[in-house]
Amino acid sequence: MKDQFTPLKEKLTSTLFKPFQLAAMALVCSTLLFGCSGDAENQATTTQEESSLAQEAPVEDDGKGIGPVATVEVGAEVDEALAANGKTIFEGKCAACHQLSDQKIVGPGLAGVTERRKPEWVMNMIINPEEMTKKDPQAKKLLAEHLTQMTNQDIAENDARALLEFLRQNDKNI
C-alpha cells in the first residue's frame, strides 16, 4: 500500500535537495580544476627556477672571496698602530662570537686564519658575510659546520683592514 504522502515527499526531496546537489557537484569540480592547475603552475615555476639556477655561471674560487676587496697589500711586518685599531674594533664587534684561539663560541676560533686564508678573503668575509656564505665555497663550508650566519657588522673597508692586521698580529704571536 502506497503512502498518500509519497508523491509529495518525492517532489519536496527533489526540489529542496537539487540545489545542494548542484552546489556539491560544483564544489568538487572546482576543487579538482584548481588543484590540477595549481600543481602545473607550481611545477612550471619550480622548473623555471631550477633552470635559471643551472644557467648561473659558477663563481671562480680564486681564494679571495666575494666582495669589494680584490687586492690587499700586506707588509712582511705587522703595522702595530693598525693592529691596535683592529683590536679595538675586534673587542667591540667580533669578540662576542669569536675567540682568538681555535676555540669555537658561536663562530669559529680565529687562530691561524691569516695562514689558512688570503687577506682578501678575510676582509671580504668581514665586510660581506651574507654573500660570502651564499657563493664562496669555503664560507659555505663554515656555515654548514657552525650552523650560524655571520652577522653583518657594517664594517668599512679600512676597519676590515685594521681587523686583518690585528688577526695577522695574533697569528704571529701564537
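## Surface and overall make-up

The chain exposes about 11,900 Å², of which carbon and sulfur atoms supply 58%; accessible areas come from the Shrake-Rupley method with a 1.4 Å probe, and for residues only the protein chains shown count as cover. The model is a predicted one, in which local features need pLDDT of at least 70 and side-chain atom pairs count only at pLDDT 80 or more, while totals for chains, interfaces and linings use all residues. Residues are numbered from 1 along each chain as its sequence is written, and side-chain values use heavy atoms, with hydrogens and water left out.

The secondary structure comes to seven helices and zero strands, where helices (H or I, at least four residues) and strands (E, at least two) are DSSP runs numbered from the N terminus. Of the 174 residues in the chain, 28% are buried, a class defined by under 20% relative accessible area, with exposed meaning over 50% and partly exposed lying in between (1.4 Å probe, protein chains only). Among contacts (heavy atoms within 4.5 Å) with a separation of 6 or more, residues 24 or more positions apart account for 69%.

Helix α7, residues 157-173, has 17 residues and reaches 24 Å from its first C-alpha to its last, close to the 24 Å expected at 1.5 Å a residue; the expected span is 1.5 Å times one less than the number of residues. Because 12 of its 17 residues are buried, α7 is largely enclosed by the rest of the structure. What covers these buried residues includes α2 (80-93), α3 (113-116) and α4 (119-127).

Helix α4 is likewise mostly covered, with eight of its nine residues buried, including Glu120, Trp121, Val122 and Asn124. The cover over the buried residues of α4 includes α3, α5 (129-135), α6 and α7.

## The nonpolar core

The largest nonpolar core has 24 residues, and those with the most contacts inside it are Trp121, Val122 and Leu163; such a core is a set of buried Ala, Val, Leu, Ile, Met, Phe, Trp, Tyr and Cys residues joined through side-chain atoms within 4.5 Å. Helices α2, α4, α6 (137-146) and α7 each supply at least two residues of this core.

Leaving aside residues up to four places away in sequence, Trp121 touches Gly63, Lys64, Gly65, Met132, Asp136, Gln138, Ala139 and Leu142. The charged end of Arg117 sits over the ring of Trp121, 4.8 Å from its centre, the criterion being NZ of Lys or CZ of Arg within 6 Å of the ring centre and within 35 degrees of the ring normal.

## The aromatic pair

The structure holds one aromatic pair, counted when the centres of Phe, Tyr or Trp rings (the six-membered ring for Trp) lie within 6.5 Å, with planes under 30 degrees apart classed as stacked, over 60 as edge-to-face and the rest as tilted. The rings of Phe90 and Phe166 have centres 5.5 Å apart and planes at 45°, so the pair is tilted. The pair links distant parts of the chain, since Phe90 lies in helix α2 and Phe166 in helix α7, 76 residues apart. Phe90 counts as buried at 5% relative accessibility, and Phe166 is buried with a relative accessible area of 6%.

## Positive phi in a loop

Leu147, a residue other than glycine, has a positive phi near 60° and is placed in the loop between α6 and α7; at 70% relative accessibility, Leu147 counts as exposed. Asp154, which is not a glycine, has a positive phi of about 55° and is found in the loop between α6 and α7. At 68% relative accessibility, Asp154 counts as exposed.
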